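This briefing sets out selected geometric features of the structure shown below.

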Amino acid sequence: MSGAREASRPIISATNLCKVYVRGREEIKALDNATFEVGVGEFVALVGPSGAGKSTLLNLVGCMDAPSSGTLKLMGRSVEQLAEAERTRLRRDQLGFVFQHFGLVPTLTVAENIALPALFARRSATGKTEELLAKVGLEHRRDHRPHELSGGEMQRAAIARALVNNPALLLADEPTGNLDSATGETIIELFARLNRDGLTILVVTHNSRLANSAHRHIELVDGRLRQGVTTDLQSRAPMLTIYPAPA
Amino acid sequence: MTWVELSLKEWQRRPLRTSLTTAGVAIATAALFSLLAFQRGYREGVRQELDRLGAHVLLAPKGCPYDAASMALHGASWPCYLKQSYLKEVRTVPEVATAAPVFMAALYGLESRQTVYVGIESNILALRPSWRITGHFPAREGDLLLGSEIAQRYGWHVGQPVPLPGLQNQFGTVVAVLAPTQGADDTFIHLLLSDAQRRFHHPGELTHILVRLKDPNDMDKAVAQLRGCDAGLAMNVVPLAHVFHTIQALVNSTRLLLGCIAMVALLAAGAGVSNTILIAVAERRRELGMMRAIGASSGDIFRLVWFETLQTCLGGAIAGIVVSFLAAREVEALVRARLPFSPSGSLIRWEWWVVGVCLGCALLLGSLAGLLPAARAAAVPPMMSIRNRGGWT
């Protein structure tokens with residue numbers, strides 16, 4: 001299934017999203033009037049130069065931070081007014097996170113790392129863990145600790161962990177940033193496979209191979225979404241413009 | 001995986017640091033455990049020892065009453081003596097049920113081993129109802145009643161003629177052996193009073209008199225009468241219950257001081273635990289942020305770090321209690337060497353409530369010590385999982 005075709009039912013809907021950080025007397029506008037949508041089943045790459053506000057946007061979409069202004073809806077639910085406990089529930093039950101630095105707990109085995117979000121959700125994850133280990137090809141590494149794994153294996157374990165609570169949306173922050181190109185390729189293939197299975201993915205990346213494997217990309221420059229038409233990278237057909245119209 | 005397992009795994013991250021922190025708690029808990037167990041053991045030991053003596057009042061030559069009690073209980077050579085004629089006067093006091101005269105002498109043989117000879121009369125049996133004798137009570141000079149330990153040490157048995165240790169060319173016949181009493185009697189050689197006086201060249205003299213009252217409630221009256229008689233001027237009248245209470249009061253005041261030291265040690269250990277966990281939290285900010293990002297609530301993180309603190313303290317407490325058990329003998333020897341009066345038998349006796357108090361203190365300590373690190377950890381924002389990489393961009 002190509003999720004791009006279901007873009008009419010947005011899983012992320014952002015309107016005039018702004019984020020301003022205050023450092024002393026200085027105000028830094030990290031995100032400026034971002035308006036976009038991501039549909040169910042889409043695979044979207046968030047690209048742009050360093051300092052453009054990609055991680056800020058990911059923090060907002062990941063309910064790790066609140067926008068300064070604008071509206072953000074996840075699964076049709078406005079999140080900007082949510083209390084911290086509700087944000088936590090949303091992160092736990094609806095979102096999966098993959099970090100550039102993998103974020104595996106060094107004292108836990110691969111299986112235990114994968115089961116960690118289920119512990120936070122007070123669920124048993126025994127069967128699900130085994131299923132995910134098989135899905136990411138790490139059955140043989142089940143009882144190994146992170147330091148015994150290669151970078152690619154660690155990232156696959158992190159992806160399995162992100163999936164253990166059956167999230168509706170997978171958010172990834174530079175998932176290939178710490179990997180060599182060959183290993184990065186296996187992660188790109190894994191993302192593509194997960195998306196084919198119906199998972200919606202929003203990935204922040206500098207990796208052109210990963211960006212190109214997405215259905216479309218959203219480009220951020222200096223906190224603003226780049227005006228223009230996004231491209232369906234698979235069909236190379238122009239898609240509906242979701243950026244704000246030029247003033 | 002459970003929350004407890006998750007926090008237990010944290011021990012593997014910095015094993016040396018965690019072990020040292022745990023050792024601090026272990027030392028403090030060991031001090032508290034030993035103190036509580038000693039208090040219990042000492043009190044019981046003194047009480048049992050005095051009970052074993054079977055007397056309510058000790059009549060001894062003038063001098064320190066505690067030294068006299070200690071010598072009567074453990075056996076020693078006495079520096080001065082009572083006249084045997086005092087006995088007659090003591091027996092005229094109406095409250096006195098039994099007045100048992102004793103002549104005691106200690107000799108050192110080879111290997112600095114002490115042999116204690118105790119001259120007694122058969123009325124001592126009224127004070128020692130718990131004695132179980134194989135054979136018969138000494139009836140004539142040369143008859144010996146051996147404590148179980150001394151019989152075992154020399155391999156002597158009833159009916160055997162034996163040389164008297166420490167007394168050259170003197171012999172006796174074992175006529176009876178005592179069943180183990182768990183007291184100093186097990187190490188004594190008992191013989192007839194007149195026989196002991198003769199062998200040690202103190203005819204008509206006693207080292208002490210053990211007095212049992214008809215009614216222990218008449219203690220004050222009996223003591224007043226004993227002190228008031230002619231012989232009372234030459235004797236030290238020592239009510240053993242008073243000795244017990246005075247010793248106990250002294251030990252209690254020492255215990256208070258030691259208790260304060262143990263509490264300070266516990267507080268210092270708690271501060272150490274808190275500091276260590278705070279450092280660990282600072283080192284794990286990104287990891288904690290990651291946990292928050294993947295669905296842990298701030299309450300979950302608080303609980304996780306709090307459990308870790310509790311486990312450190314509980315682990316330390318268990319280690320401390322185990323070490324106290326293993327080192328009980330050495331600690332007891334150390335304490336015994338510094339006490340003016342120490343009963344035979346174990347000075348350190350534990351009971352489950354002592355273990356419970358120590359574990360409870362450790363848990364309370366862990367609960368308090370964990371509050372600040374747990375609160376700090378719970379306040380780590382989920383953004384920390386990304387921010388640490390290189391700012392907020």
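This is a predicted model: local features need pLDDT of at least 70, side-chain atom pairs count only at pLDDT 80 or more; totals for chains, interfaces and linings use all residues.

In chain B, what percentage of the contacts with a separation of 6 or more is accounted for by residues 24 or more positions apart? The figure is 83% of those contacts in chain B.

**Chain B overall**
- The secondary structure of chain B consists of 13 helices and 12 strands.
- Chain B is more spread out than a compact globule, because its radius of gyration is 31 Å, well over the 21 Å that the globule rule gives for 393 residues.
- Along the principal axes, the C-alpha atoms of chain B occupy a box of roughly 105 × 45 × 30 Å.
- Among the 393 residues of chain B, 43% count as buried.

**Contact between chains A and B**
- On the side of chain A, 35 residues are in contact with 21 residues of chain B.
- Two or more residues are contributed to this side of chain A by each of helix H1 (54–61), helix H2 (84–94) and helix H3 of chain A.
- H3(A) gives the most to the side of chain A that touches chain B, namely 6 residues.
- By residue class, the side of chain A that touches chain B divides into 16 nonpolar, 13 polar and 6 charged residues.

**Packing of H3(A) with H5(A)**
- Helix H3 (residues 110–120) and helix H5 (residues 151–163), both of chain A, have axes that come within 7 Å and cross at roughly 30°.
- H3(A) is therefore roughly parallel to H5(A), since angles under 35 degrees fall in that class.
- The crossing of H3(A) past H5(A) is right-handed.
- H3(A) takes part in the contact through Val110(A), Asn113(A), Ile114(A), Leu116(A) and Pro117(A), and H5(A) through Ala157(A), Ala160(A) and Arg161(A).
- The residues of this contact comprise 6 nonpolar, 1 polar and 1 charged.

**Surroundings of Val221(A)**
- Val221(A) lies in strand S9 (residues 216–221) of chain A.
- Val221(A) counts as partly exposed because it has 14 C-beta neighbours inside 10 Å, whereas a buried residue would need 20 or more and an exposed one 12 or fewer.
- Although Val221(A) and Gly53(A) are 168 residues apart in sequence, their C-alpha atoms are 7.6 Å apart in space.
- When neighbours within four places in sequence are set aside, Val221(A) is in contact with Gly48(A), Pro49(A), Ala52(A) and Arg226(A).

Terms used
Residues are numbered from 1 along each chain as its sequence is written. Chains are lettered from A and ligands numbered from 1 in the order in which they are written. Axes are lines fitted to C-alpha atoms, for helices over the stretch in contact, and angles run from 0 to 180 degrees between N-to-C directions. Helices (H or I, at least four residues) and strands (E, at least two) are DSSP runs, numbered from the N terminus. Angles under 35 degrees count as roughly parallel, over 145 as roughly antiparallel, 65 to 115 as roughly perpendicular and the rest as oblique. A crossing is left-handed if the near helix is turned anticlockwise from the far one by less than a right angle, and right-handed if clockwise. Two residues are in contact if their C-beta atoms, placed from the backbone, lie within 7 Å. Ala, Val, Leu, Ile, Met, Phe, Trp, Tyr, Cys and Pro count as nonpolar, Asp, Glu, Lys and Arg as charged, and the others, Gly among them, as polar. The radius of gyration is taken over C-alpha atoms; the globule rule is 2.2 Å times the number of residues to the power 0.38.
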